[in-house]
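This briefing accompanies the sequence and the three-dimensional structure shown below. Please read it with both in view.

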Amino acid sequence: MILVVSATAQETEALASRADVRRIVCGIGPVDAAAQTASALARNAYVLVVNAGIAGAYDASLRIGEGVVVADEFLELDLETGVPLALPGDLAVFDRAESDSRQIERLVAAGFRSVRGATVSRVTATDATAERMRALGVQVESMEGFAVLR
């Protein structure tokens, strides 16, 4: 069984129904995405989890409507300057996640471009933020990606 997670129903309504695919609408943002994905995974076993939906692009070569696959994702969970949070003792921030490289290879072979993503809690609306994200190597942003991938 395959699990397809999207923030809104409209993001996956064009997908054909299949008996081996379960679609869930998780709601907008990383908290709802994590909760709904974890709940679905606790109830059923899936061979693949796909986060499908709309992403904003920092890479000017990406086109509206182009399908991409996110190879690695990070969550902005640091100081705005990019400096890691200072945590006591051995505590660590888990702010990076990677997709299954075999799935990435299959999707790239099928014509999808592999990109680096970031999960954000707001839509980027300034050139300064876009430049900061580009400097980090980010090509696309979403509000749910890291939460589903992690």
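Where does serine 99 lie? In this predicted model, serine 99 is placed in the loop between β6 and α2, and with a relative accessible area of 19% it counts as buried, because the limit for that class is under 20%.

**The surroundings of serine 99**

- A polar atom of the serine 99 side chain lies 2.6 Å from the backbone oxygen of valine 70.
- Leaving aside residues up to four places away in sequence, serine 99 touches Val70, Ala71, Ile104 and Leu149.

**The five-stranded sheet**

- Five strands form an open sheet in the order β4-β8-β7-β5-β6, and their pairing is mixed.
- The edges of this sheet are taken by β4 (56-57) and β6 (96-98), each of which has a single partner strand, so that one side of each is left without a neighbour in the sheet.
- Helix α2, which spans residues 101-109, packs on the sheet and touches β5 (68-75) and β7, while its direction makes about 140° with that of β5.
- Within the sheet, strand β7 (residues 113-119) pairs with strand β8 (residues 140-142) in the parallel sense, over three bridges.
- Opposite valine 140 in β8 stands glycine 117.

- The parallel strands β1 and β2 are joined by five bridges, and isoleucine 2 stands opposite valine 21 in β2.
- Alanine 9 is found in the loop between β1 and β2 and counts as partly exposed at 42% relative accessibility.
- Alanine 9 and isoleucine 24 are 15 residues apart in sequence, and their C-alpha atoms are 8.1 Å apart in space.

**Nonpolar cores**

- In soluble globular proteins, nonpolar side chains tend to be buried together.
- The largest nonpolar core has nine residues in all, namely Leu3, Val5, Ile24, Cys26, Ala33, Ala40, Tyr46, Ala147 and Val148.
- Two or more residues of this core come from each of the elements β1 (2-6), α1 (30-43) and α4 (145-149).
- Another core, of eight residues, lies apart from the largest one and has Tyr58, Phe74, Met133 and Met143 among its members.
- Isoleucine 24, a member of the largest core, touches Leu3, Val4, Val5, Ser6, Gln36, Thr37 and Ala40 when residues up to four places away in sequence are not counted.

**Salt bridges**

- Side chains of opposite charge can pair when their charged atoms come close.
- Eight salt bridges are found in a search of the whole structure.
- Aspartate 59 and arginine 113 form a salt bridge in which the closest N and O atoms are 3.9 Å apart.
- This pair links distant parts of the chain, since aspartate 59 lies in the loop between β4 and β5 and arginine 113 in strand β7, 54 residues apart.
- Arginine 113 is partly exposed, with a relative accessible area of 29%, and a network of salt bridges links Asp59, Glu66 and Arg113.
- A salt bridge with an N to O distance of 2.6 Å joins the side chains of arginine 132 and glutamate 76.
- Distant parts of the chain are linked here too, with arginine 132 in helix α3 (residues 127-135) and glutamate 76 in the loop between β5 and β6, 56 residues apart.
- Arginine 132 is partly exposed at 23% relative accessibility, and glutamate 76 is partly exposed with a relative accessible area of 27%.
- Glutamate 131 forms a salt bridge with arginine 134, the closest N and O atoms being 2.6 Å apart, and both residues lie in helix α3, three residues or about one turn of the helix apart.
- Arginine 134 has a relative accessible area of 38% and is partly exposed.

Key:
Residues are numbered from 1 along each chain as its sequence is written. This is a predicted model: local features need pLDDT of at least 70, side-chain atom pairs count only at pLDDT 80 or more; totals for chains, interfaces and linings use all residues. Side-chain values use heavy atoms; hydrogens and water are left out. Two strands pair if DSSP finds at least two bridges between them. Helices (H or I, at least four residues) and strands (E, at least two) are DSSP runs, numbered from the N terminus. Contact means heavy atoms within 4.5 Å. Axes are lines fitted to C-alpha atoms, for helices over the stretch in contact, and angles run from 0 to 180 degrees between N-to-C directions. Buried means under 20% relative accessible area, exposed over 50%, partly exposed in between (1.4 Å probe, protein chains only). A polar contact is a pair of N or O atoms within 3.5 Å; within protein, one must be able to donate a hydrogen and the other to accept it, and residues adjacent in sequence count only if both atoms are side-chain atoms. A nonpolar core is a set of buried Ala, Val, Leu, Ile, Met, Phe, Trp, Tyr and Cys residues joined through side-chain atoms within 4.5 Å. A salt bridge is a side-chain nitrogen of Lys or Arg within 4 Å of a carboxyl oxygen of Asp or Glu.
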